[in-house]
Amino acid sequence: MNAIAQNKSITDTIQYVGVDDKEIRLFESQYIVPNGVSYNSYVILDDKNVVMDSVDLRAEKEWFANLETVLGEKEPDYIVVSHVEPDHSGSLQKFMEKYPHTKLVCNAKTLAMLSQFFTMPADMESVIVKEGDELVLGKHTLTFIMAPMVHWPEVMVTYEKTEKVLFSADGFGKFGALDTEEDWACEARRYYFNIVGKYGMQVQALLKKAAALDIRTICPLHGPVLSENLEYYIGKYQIWSSYEPEDEGVLIAIASIHGHTKQAAQKLAELLRSKGVEKVAVADLARDDMAEAIEDAFRYDRLVVAAATYDTGVFPCMDSFLTRLKSKNFQKRTVGIIENGSWAPMAGKVMKERLMEMKEVTILEPVVSIKSALDETSAKQLEELAQALA
């Protein structure tokens, strides 16, 4: 594995020891990551030295090299486990074998879950923490804040009081290696809605706790360290976790077999633009990145689902899209429907029923019903739908 190590100082006493993974193609075996991903880990140097999380097993060799560079001959006194998921704890067992006198700092749920993944040393010492507990390292003091279901039940974040640093676990993370220059919001949004999106209420609870803290730096477990314009990043999380639209615009999500449904959807996009809708995104669910389509569905205030009938239901990629939307708590949106069926059209009925299971979704009329290809009747319906969406 050809991971790329990243060494840099967060402050004079907090060092980054994480690793960029440029070879990974599918994060969590499902999300395309064209620019890779970073596995972030940090070391706080003080009277007592602490490692903040480990890394995926894929990056183990580079991580240990980074640790040795920062620690030298010293053995860490503590390792804090914020989140058990293997991309953050994969190297933990070998870490405890290498540094057997290091104390594991975690909450009770974390300790129980670790035993499901690893066989930890029998003589391992643990410091079990709960909400508000503190650990004094010398000049630094760590405060532990529980963040259940953001996005696993054992998650906690850690606030360092002296330098006012929030170690935010998966919060404020993004896809993309650290050596990639790209817009933060795009890949952070795709990361958020596809991984954390279901748990908006829990994210809101964590943001409420964070609002009481004086935070100058956010150190996530994926993506860049954030130290400027924190109001921007926190504001994005407020919008995303409340399920409010971020932008006015329309996503047209297409599930087309032979291209006729796609042609109708593209015609709708042209109509919308001609009516002054500035932001119109089009996603071919059979070919484009499904995670990006989910991202855009949450980003914009309007959605159109356009699908062919298939086996008396709906074409499979649309079925997958709707399933994912529901699982991520899609809500507070206006939705238009385009169906196609050469005989016994059912896609519109199926999609409407699925959408009605979601919260605060307004379904527009008419449902555009195409028989194989656009004709005068369905073209008129398409114009009426465009008018309703505009």
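In which hand does H9 cross H10? H9 passes H10 in a right-handed crossing, a crossing being right-handed if the near helix is turned clockwise from the far one by less than a right angle, and left-handed if anticlockwise.

## Basis of the description

This is a predicted model, in which local features need pLDDT of at least 70 and side-chain atom pairs count only at pLDDT 80 or more, while totals for chains, interfaces and linings use all residues. Residues are numbered from 1 along each chain as its sequence is written, and side-chain values use heavy atoms, with hydrogens and water left out.

## Two helix pairs

Helix H9 spans residues 290-299 and helix H10 residues 316-327, and their axes come within 11 Å and cross at roughly 50°. H9 is therefore oblique to H10, since angles under 35 degrees count as roughly parallel, over 145 as roughly antiparallel, 65 to 115 as roughly perpendicular and the rest as oblique. Helices (H or I, at least four residues) and strands (E, at least two) are DSSP runs numbered from the N terminus; axes are lines fitted to C-alpha atoms, for helices over the stretch in contact, and angles run from 0 to 180 degrees between N-to-C directions. The contact (heavy atoms within 4.5 Å) joins Met290, Ala293, Ile294, Ala297 and Phe298 of H9 to Cys317, Ser320, Phe321, Arg324 and Leu325 of H10.

Helix H5 (residues 184-196) packs with H7 at an angle of about 35°, their axes 11 Å apart, and this crossing is right-handed. H5 contributes Trp184, Ala185, Ala188, Arg189, Tyr192 and Phe193 to the contact, and H7 contributes Tyr232, Tyr233, Lys236, Tyr237, Trp240 and Ser241. By class, these residues divide into nine nonpolar, one polar and two charged, where Ala, Val, Leu, Ile, Met, Phe, Trp, Tyr, Cys and Pro count as nonpolar, Asp, Glu, Lys and Arg as charged, and the others, Gly among them, as polar.

A search of the whole structure finds two cavities of 30 Å³ or more. On a 1 Å grid over the protein atoms alone, a cavity is a set of points where a 1.4 Å probe fits but cannot get out, whereas a pocket is an open set with protein on both sides within 12 Å along at least five of seven lines, and lining residues have an atom within 4 Å of a point. A volume is the space filled by probe spheres set on the points, which are joined across faces, edges and corners.

The largest cavity has a volume of about 80 Å³, and helix H6 (residues 200-210) gives the most to its lining, with four residues. That lining comprises nine nonpolar, two polar and no charged residues, among them Val150, Phe172, Leu207 and Tyr237. The second largest cavity, of about 30 Å³, has a lining that includes Tyr42, Asp53 and Ser168.

## Open pockets

The largest pocket has a volume of about 360 Å³ and is lined by 17 residues, of which Ile257, Thr309, Gly341, Ser342 and Trp343 lie nearest its centre. Strand S20 gives the most to this lining, with three residues, and the lining has five nonpolar, eleven polar and one charged residues by class.

The second largest pocket has a volume of about 160 Å³, and its lining includes Leu166, Phe172, Leu207, Glu231 and Gln238. H6 and helix H7 (230-241) are the elements that give two or more residues to this lining, and H7 gives the most, with four. The lining of the second largest pocket has ten nonpolar, one polar and one charged residues.
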